[in-house]
Every structure is written in C-alpha cells, then in structure tokens.
Amino acid sequence: MSALPTPSRTPRTATRRGGRAAAPYSFLAPALILFAAFLAAPIVYAGYLSLRRVKVSGLGLGAGARTEIWAGLSNYSRSLSDPDFLPSVYRIGAYGLIVVPTMLGMALLMALLLDAGRTRVGTFTRTSIFLPYAVPAVISSLLWGFLYLPRVSPFTDLAHALGFEPPEVLTGSWTLWAVANIAVWGGTGFNMIVIYTALRAIPTDLFEAARLDGASDKQIAWRIKIPVILPSLIMTFVFSLIATLQVFAEPMTLKPLSNTISSTWTPLMKVYRDAFVRNDIYSAAATSVIIAVATFAVSFGFLKLVGNRAFNQED
C-alpha cells in the first residue's frame with residue numbers, strides 16, 4: 001500500500017499567512033516614517049552640522065569663496081567656552097528648582113483632594129484645572145506679560161488701592177520667578193490629570209481595609225496612595241525635567257517686555273541667537289547636540305536611580 005501524499009501548503013494559505021505577518025508593520029509604517037523624517041533625520045543632520053564649519057577664502061565674495069570643511073570637535077569647544085553658555089545653564093538650574101517641585105507638589109495636592117472627595121467637584125472643576133495647559137505657551141506668556149507690566153496690569157491698581165507698591169516682576173531677580181510662574185500655571189493641570197488618573201485606578205478595597213484598621217485620610221494618602229502612584233510621579237517628574245531643560249517660548253516671548261532677559265537667557269535661546277541672528281548654524285547645531293545629550297543623560301540617570309524601586313513594585 002502506497003503512502004498517502006502529505007498535503008502541501010496552498011499558495012492562498014501562504015499568502016494569507018504572509019499578509020498577517022506584514023499587517024503589524026503596515027500599521028507601524030506611518031509612525032516609523034514620520035519618526036524617521038521629522039525626528040531621527042534632523043538629529044542626524046544636526047550631528048553632522050556640528051562637525052562642520054565654513055572656510056572663507058579672500059573676502060568671501062566670489063564663487064567658491066565659502067566652502068564647508070570638517071571641523072571636528074571645535075564647534076563643541078566653542079559652545080562650551082562661550083561666556084554666555086554656563087550662565088544660561090545655571091539659570092535653567094535655578095528655574096528648575098523653582099518650577100518642578102512647585103508644579104508637581106500642587107498637582108499631587110490637587111489630585112489627592114479630588115480623589116478624596118473632600119470637595120464636591122466634577123468634570124467642570126477638573127477641566128478648569130487642566131485648561132491652562134491647553135493654552136499655547138506663547139499666548140499664556142503674552143497674557144502674563146501684560147499682567148506683569150505696571151502700566152496695564154490690574155494688579156498694580158489693586159495694590160495701590162491696598163496701600164502698597166507692587167514689585168516690578170520683569171526686572172532684577174524677579175524675572176526668574178515671573179517666567180517660572182507661567183510654567184507652573186500652565187503645567188500643573190496636565191500633571192494633575194496624570195496623577196488623578198493613576199489614583200482612580202487604585203482598587204477601593206485597599207482604602208476600605210485601611211479605614212477598618214482605623215487609618216485616617218492623611219495616613220491613607222501618605223502610606224497607600226502615594227507609594228502606589230510612584231511610577232506616575234516619576235513619569236511626570238521626568239517630563240517636567242525635560243521641559244525645564246528645553247524652556248524657550250516663555251522667556252523668548254517676555255524678552256521684548258523686559259531688559260533683564262538677554263538673547264542667551266536659556267541654552268535654547270542661545271541656539272536661536274547663533275542660528276538666526278549670527279547665522280552660525282554649526283555652533284548652534286553643536287549646542288543643540290549638547291542640550292540633547294544632557295537631557296538624555298539627566299533623564300536616564302534619574303530613571304536608573306529610582307526606576308527599579310518604583311516600577312518593580314508593579315510585578
């Protein structure tokens with residue numbers, strides 16, 4: 001008796017399986033193309049420009065008088081030795097020490113109050129707290145800038161009615177606090193929504209068991225809620241840290257209203273000055289790469305420091 005032939009895979013079955021295998025890549029393709037075109041490619045090009053410079057021959061007026069040549073790390077050394085670079089870094093450090101703890105502390109407090117049910121709030125209240133985040137940074141900076149100006153600010157009239165002279169917040173050391181206030185006003189609502197969403201995901205059985213053991217609302221918040229939502233707190237901290245290192249819109253918008261905000265008030269403002277005022281895109285590219293590397297190093301270092309402790313508790 002001859003053996004029965006084994007059934008062979010039909011072309012239709014092979015085509016169907018091949019289509020199923022390619023389906024995930026077809027869904028990922030638009031995102032990968034956009035990522036490569038608008039994020040990866042500019043980063044690579046900035047890195048390339050940071051290693052180049054222009055060589056000028058003669059007066060630089062004739063054809064071929066300006067040629068692009070290899071520069072090595074000279075642009076990086078120029079950026080790091082720029083007398084305006086380190087002051088801008090120190091300024092951003094002070095700005096972050098004000099913004100990040102204040103913004104996350106207020107967001108955590110609001111989220112805990114909303115979750116505890118102490119106040120009768122609903123969707124309108126949560127939307128009202130989140131609404132400042134929906135206002136573009138340029139518009140919010142303009143609004144606050146006019147509120148800071150003594151001649152047009154209603155706060156000045158209110159202060160005079162109360163019998164004291166308000167400080168000019170766009171001068172001297174008050175400028176840092178004025179810029180930080182805009183960031184806190186705009187970012188607290190977003191972080192509150194993230195933290196509040198994490199709080200709502202906690203099983204209510206934990207709270208009921210704690211109340212049966214005699215725990216107060218403060219003890220529940222400190223010993224249960226905050227440890228459970230620690231990954232969300234870390235995530236908001238990292239996002240806030242990245243936004244701090246890349247602050248640009250607020251001081252750039254307030255610059256025409258204040259004499260104390262220079263064109264290099266932040267590192268990104270220095271990049272803008274080098275690229276579009278001095279027409280030195282090579283130095284600007286080097287500074288951009290330095291900012292990107294510093295942002296990655298600080299974010300990765302912080303996640304490496306606290307990430308294992310925070311995220312392993314979910315396992």
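Is Ser77 buried, partly exposed or exposed? Ser77 is partly exposed, because its relative accessible area is 41% (buried means under 20% relative accessible area, exposed over 50%, and partly exposed in between, with a 1.4 Å probe and protein chains only). This is a predicted model, in which local features need pLDDT of at least 70 and side-chain atom pairs count only at pLDDT 80 or more, while totals for chains, interfaces and linings use all residues. Residues are numbered from 1 along each chain as its sequence is written, and side-chain values use heavy atoms, with hydrogens and water left out.

**The chain as a whole**

The chain has 13 helices and 2 strands (DSSP runs numbered from the N terminus, H or I of at least four residues for helices and E of at least two for strands). Of its 315 residues, 34% count as buried. Take the contacts between residues at least 6 apart in sequence: 66% of them join residues at least 24 apart (contact means heavy atoms within 4.5 Å).

Ser77 itself is found in helix H2, residues 74-81.

**Aromatic rings**

A pair of aromatic rings is described by the distance of the centres and the angle of the planes. Searching the whole structure gives 9 aromatic pairs (rings of Phe, Tyr and Trp, the last by its six-membered ring, pair if their centres lie within 6.5 Å; planes under 30 degrees apart count as stacked, over 60 as edge-to-face and the rest as tilted). One of them joins Phe248 and Tyr272, with ring centres 5.9 Å apart and planes at 50°, so this pair is tilted. It links distant parts of the chain: Phe248 is in the loop between helix H10 (230-245) and helix H11 (249-254), and Tyr272 is in helix H12 (residues 267-277), 24 residues apart.

Tyr272 also pairs with Phe276; here the centres are 5.1 Å apart and the planes at 45°, so this pair is tilted too. Both residues lie in helix H12, 4 residues apart, or about one turn of the helix.

| Residue | Relative accessible area | Class |
|---|---|---|
| Phe248 | 26% | partly exposed |
| Tyr272 | 35% | partly exposed |
| Phe276 | 63% | exposed |

Elsewhere, ring pairs link Phe130, Tyr133 and Phe190 into a cluster.

**Where H3 meets H10**

How do helices H3 and H10 cross? The axes of H3 (residues 85-116) and H10 come within 10 Å and cross at roughly 145° (axes are lines fitted to C-alpha atoms, for helices over the stretch in contact, and angles run from 0 to 180 degrees between N-to-C directions). On the H3 side, the contact is made by Ile92, Tyr95, Gly96, Val100, Met103, Leu104 and Leu108. H10 brings Leu233, Thr236, Phe237, Ser240, Thr244 and Leu245. By class, this contact has 9 nonpolar, 4 polar and no charged residues (Ala, Val, Leu, Ile, Met, Phe, Trp, Tyr, Cys and Pro count as nonpolar, Asp, Glu, Lys and Arg as charged, and the others, Gly among them, as polar).

**A few single residues**

Ser141 has its place in helix H5, residues 137-148. It is buried, with a relative accessible area of 0%. Leaving aside residues up to four places away in sequence, Ser141 touches Ile182, Ala249, Glu250, Thr253 and Leu254.

Leu257 lies in the loop between H11 and H12 and counts as partly exposed at 28% relative accessibility. With residues up to four places away in sequence again not counted, Leu257 touches Gly145, Leu149 and Leu170. From C-alpha to C-alpha, Leu257 and Thr171 are 9.8 Å apart in space, and they are 86 residues apart in sequence.

Finally, Asn279 has its place in the loop between H12 and helix H13 (281-311). Asn279 counts as exposed at 65% relative accessibility. Most residues other than glycine have a negative phi. Phi of Asn279, however, is near 60°, a positive value in a residue other than glycine.
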